[in-house]
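User: Please take me through the fold of this chain, one point at a time.

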Amino acid sequence: MKAEIDLKPQWTKREIEEAVTFVRLELYNRDLPCGPNPIRKRLEEFYHIEPLPSERTIARLLSRHGLTHRRTGIYE
């Protein structure tokens, strides 16, 4: 009897937040567009995140971490 393999495991909210942050910095360092839409596409294509966050959710996460307007974090 074959065991079913879950190809898209559920991601926790924290894991999704970490993935969004990682992808944002990855795109920024490669000098690629790094807004919510490109981040969402990358999460879907390469990380197979389920459930996939909306662009607005990604924008809120970026704002929370100070990753907007070409910034790489919260400055003190």
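This is a predicted model: local features need pLDDT of at least 70, side-chain atom pairs count only at pLDDT 80 or more; totals for chains, interfaces and linings use all residues.

User: Which pattern does the protein chain follow along the sequence?

Analyst: Helices (H or I, at least four residues) and strands (E, at least two) are DSSP runs, numbered from the N terminus. On that basis the protein chain has three helices and zero strands. Read along the sequence, the pattern is α-α-α.

User: What percentage of the residues of the protein chain count as buried?

Analyst: Buried means under 20% relative accessible area, exposed over 50%, and partly exposed in between, with a 1.4 Å probe and protein chains only. Of the 76 residues of the protein chain, the share that counts as buried is 26%.

User: How far apart are the end C-alpha atoms of helix α2, and what should the helix span?

Analyst: The expected span of a helix is 1.5 Å times one less than its number of residues. For the twelve residues of α2, residues 36-47, that rule gives 16 Å, and this agrees with the distance between the end C-alpha atoms, which is 15 Å.

User: Which residues of α2 are buried, and which helices do they pack against?

Analyst: Ile-39, Arg-42 and Leu-43 are the buried residues of α2. Seen down the axis of α2, they fall within an arc of 100° (the arc of the directions from the helix axis to the C-beta atoms), so they line one face of the helix. In general, an α-helix has 3.6 residues a turn, so residues three or four places apart point the same way. Counting contact as heavy atoms within 4.5 Å, the buried residues of α2 pack against α1 (13-29) and α3 (55-64).

User: Which residues of α3 are buried, and which exposed residues does the face turned away from them carry?

Analyst: The buried residues of α3 are Ile-58, Leu-61 and Leu-62. Viewed down the axis of α3, these too lie within an arc of 100°, so they line one face of the helix. What covers them includes α1 and α2, while the face turned away from the buried side carries the exposed residues Arg-56 and Arg-64.

User: At what angle do the axes of α1 and α2 cross, and how many residues of each class make the contact?

Analyst: Axes are lines fitted to C-alpha atoms, for helices over the stretch in contact, and angles run from 0 to 180 degrees between N-to-C directions. The axes of α1 and α2 come within 10 Å and cross at roughly 110°, which makes the two helices roughly perpendicular, given that angles under 35 degrees count as roughly parallel, over 145 as roughly antiparallel, 65 to 115 as roughly perpendicular and the rest as oblique. The contact is made by Ala-19, Val-20, Phe-22, Val-23, Arg-24, Glu-26 and Leu-27 of α1 and by Pro-38, Ile-39, Arg-42, Leu-43 and Tyr-47 of α2. With Ala, Val, Leu, Ile, Met, Phe, Trp, Tyr, Cys and Pro counted as nonpolar, Asp, Glu, Lys and Arg as charged, and the others, Gly among them, as polar, the contact has nine nonpolar, no polar and three charged residues.

User: At what angle do the axes of α1 and α3 cross?

Analyst: Glu-17, Val-20 and Arg-24 in α1 meet Ile-58, Leu-61, Leu-62 and Arg-64 in α3, a contact with four nonpolar, no polar and three charged residues. These two helices are roughly perpendicular to each other, since their axes, which come within 10 Å, cross at roughly 75°.

User: Which peptide bond is cis?

Analyst: Most residues other than glycine have a negative phi, and most peptide bonds are trans. Pro-51 has its place in the loop between α2 and α3, and the cis bond, with omega near 0°, runs from Glu-50 to Pro-51.

Note on methods
Residues are numbered from 1 along each chain as its sequence is written. Side-chain values use heavy atoms; hydrogens and water are left out.
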